[in-house]
Amino acid sequence: MIVNNKPHQWKPNATVAAIIERDGRFLMIEEETPSGLRLNQPAGHLERGETLLQAVAREAREESGWLFTPRGLTGIYLADAQHGDITYMRFAFHGDAVPPAFPPRLDVGIVAVHWLAYEDISAQSARLRSPVVLQCLADYRNGIAYPLQLIRDLR
């Protein structure tokens, strides 16, 4: 592929997401996006030097304030951005979380943290950051869970 007259190597963007359930409700964040306010799991990009588990714990803390401990891998998802030439590879983890001890300072763009039932999230599918959000929850609800030992970091 050629972009701006330079060879362009396609690489998916590695992201992580935290699936956190409590009393039948899921922790969701509401965030500003170029397409307006959207619902998402606490999620974001893997940063240089992080493991996937470190990244998902950091993203959960930064976007919701909750301290997330991954217990398993729900799935790995490839999805193209709705607009643009970006492909995301999302590693979705499920686990436990404890509330913040102090009012958290959330990432820029996060406007609210919600606990929503799956049915409420599904009913707002047009407001989801991407279709992957609901697919991750559906897979989790269907009991898909891989052990964390599946993840190997050989750096």
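E31 lies in strand β4 (residues 25–33), strands being DSSP runs of E with at least two residues and helices runs of H or I with at least four, numbered from the N terminus. This is a predicted model, in which local features need pLDDT of at least 70 and side-chain atom pairs count only at pLDDT 80 or more, while totals for chains, interfaces and linings use all residues. Residues are numbered from 1 along each chain as its sequence is written, and side-chain values use heavy atoms, with hydrogens and water left out.

**Exercise 1.** Determine whether E30 and R127 are buried, partly exposed or exposed, and how the two are linked.

*Solution.* Begin with the classes: buried means under 20% relative accessible area, exposed over 50%, and partly exposed in between (1.4 Å probe, protein chains only). E30, at 13%, is therefore buried, whereas R127, at 26%, is partly exposed. Next, R127 and E30 form a salt bridge with their closest N and O atoms 2.6 Å apart, the rule being a side-chain nitrogen of Lys or Arg within 4 Å of a carboxyl oxygen of Asp or Glu. Because R127 lies in the loop between α2 (118–123) and α3 (131–141) and E30 in strand β4, the pair ties together parts that are 97 residues apart in sequence.
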